[in-house]
Amino acid sequence: MGMNSYIFLLILTFLLKPGNASIHVYNQESFNEVGNSYLLSGGSEGISSSSHSRSFVRFDNITFRRPKSTAKSRGLIQVVLFEAADRNNIGGSAYGGQRSICCTSDLSKLQGCKQGEVIRIPSANDLNWPIILKLHFSRNSLSTSMKNHEEISISKTGMYNLFFIACDPKLKGVVMSGKTVWKNSDGYLPGRMAPLMRFYVFMSLVYFLLAAIWFTQYIRFRKDILQLQHCISAVVGLGFFQMILWYFEYANFNSTGMRPVVLTTWVVTVGAVRKTIARLLVLCVSMGYGVVRPTLGGLTSKVLLLGITYFLASELLDITEYVGTINDLSGRARLFLVLPDALLDAFLILWIFTALSKTLEQLQVKRSAVKLDIYRKFSNALAAVVFASVAWIAYELYFKATDPFSERWQSAWIITAFWDILAFALLCVICYLWAPSQSSQRYAYSEELGEEFDEEEAQSLTREKPDGDISLVEKKEKSVGGTRVFDEDGEAEEDKRE
């Protein structure tokens, strides 16, 4: 395709409204001027077909109204439904010039199309596609309607686009109301989202398994629980709850075709709380909370302020994306919402690694080998997560840049699922490193002498005699001059080397 054709297709893609529900509602929607036509996008969704169930697009109460000034003449509205693979079969160009949606006098001579109507080239796979339905305004009539509950059956799996097009310049200002119902073979859930319902079933099961193991240990060693382990318990519980809510939200969406505002708001709010607590947990762990410092001290207010700010930014972004209609947002508006969330994440990562570096230095100075080993494993896991995140962001940008028409919609769910898997993997690492046990308190901060030396490295100073008496055993201290030995009376003797 030439540059003009490519720009034309990008304009169509920008105008598409991939609705967040399979029931698309239109309320006095206006047509946009594109080239030599007036166009309104009715939606774009991946639809899967199957032999055991019907897939279709249904039109309910679709009504077009035009201004009184244009009512003296007749008018034509065309409803165009096509698969993304057949996007070049709509419109044409004369002598390699600018691509047009509607047929002109020159194009009618070259391509044999009917002037004043949408140019349609039959698909190579099915001559009946793209499908075009025609509606006429009668003379002196202000409105026209489609046949109620009219359906177009879908027999092939693909990404389908719906447009309402007027080629007559006199129909400028026409508006449309009504709704369209898009149904897949398995329900009303859009094709690109359908795999996520099964994914959240899987995530609910793995979170349940993690929660069962964690809380069994948590209850068993409840007397030795650290403050840090309380926070981990909250993240595990919220993660399990969120996965269950996502499943029920998608299941309801699949059965009804609509997304209740209350349920979706609950889901995204729980998710925002979980993400906020999880990030603050990683930050507190990196700062050595409960391990090298008993409290966060003067940093408590800063950590809380960061948490509140991140929660508000995440909540606003998720509500905008999942609740209501995000399609009305322009690219700049969406960028305005994504930027604060991304900047806060970047700031958190910088703070986490700075704090983690200081914690490792303190543990090295104190020669606490057990704690140092745990934190080294944690830092390696965290570095791997950050690397995977950056790599996945790069892949996501590549995926979207190379698929402007969403033809790979069947694998698009992986983009969303990856982040949940990555968060779960890091949580598993934290649960493993700080698992509740009878020796949990040895990881806790202590001002006693034992904080300076690792308990596992220190040699035992007592042993039990058969008669129950406790006596001192030999304790050797390396020195340049010799070896110090403690006798049973507690007096030190020095065995000098020759």
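A crossing of two helices is left-handed if the near helix is turned anticlockwise from the far one by less than a right angle, and right-handed if clockwise. By that rule, α5 and α8 cross in a left-handed way. This is a predicted model: local features need pLDDT of at least 70, side-chain atom pairs count only at pLDDT 80 or more, and totals for chains, interfaces and linings use all residues. Residues are numbered from 1 along each chain as its sequence is written, and side-chain values use heavy atoms, with hydrogens and water left out.

**Disulfides**

- A disulfide is a covalent bond between the sulfur atoms of two cysteines. Here the term is applied to a pair of cysteine sulfur atoms within 2.5 Å.
- Searching the whole structure turns up two disulfides.
- Helices (H or I, at least four residues) and strands (E, at least two) are DSSP runs, numbered from the N terminus.
- Cys102 and Cys167 are both buried. Buried means under 20% relative accessible area, exposed over 50%, and partly exposed in between (1.4 Å probe, protein chains only).
- Cys103 and Cys113 form a disulfide too, with sulfur atoms 1.9 Å apart. Its S-S torsion is about 70°, so it is right-handed.
- Cys103 lies in the loop between β5 and α2, and Cys113 in the loop between α2 and β6 (131–137), 10 residues apart. Cys103 and Cys113 are buried.
- Counting bonded cysteines along the chain, the pattern is 1-4, 2-3.

**Cysteines in no disulfide**

- Cys284 is in no disulfide; the nearest cysteine sulfur belongs to Cys231, 6.5 Å away. Cys284 is buried, at 13% relative accessible area.
- Cys431 is in no disulfide either, and the nearest cysteine sulfur, that of Cys428, is 6.4 Å away. Cys431 has 6% relative accessibility and counts as buried.

**Helix α5 with helix α8**

- Two packed helices are described by the angle between their axes and the distance between the axes. Axes are lines fitted to C-alpha atoms, for helices over the stretch in contact, and angles run from 0 to 180 degrees between N-to-C directions.
- The axes of α5 (residues 261–286) and α8 (residues 369–401) come within 11 Å and cross at roughly 140°. The two helices are therefore oblique to each other. Angles under 35 degrees count as roughly parallel, over 145 as roughly antiparallel, 65 to 115 as roughly perpendicular, and the rest as oblique.
- Val282, Val285 and Ser286 of α5 meet Tyr375, Phe378 and Leu382 of α8. Contact means heavy atoms within 4.5 Å.

**Helix α4 and its partners**

- α3 (residues 194–220) and α4 (residues 227–256) pack at about 155°, with axes 9 Å apart. That makes α3 roughly antiparallel to α4.
- The crossing of α3 and α4 is left-handed.
- α4 and α9 (residues 413–433) pack at about 150°, with axes 11 Å apart. They are therefore roughly antiparallel.
- α4 passes α9 in a left-handed crossing.
- Ile232, Val235, Val236 and Met243 of α4 make the contact with Asp420, Leu427, Ile430 and Cys431 of α9.
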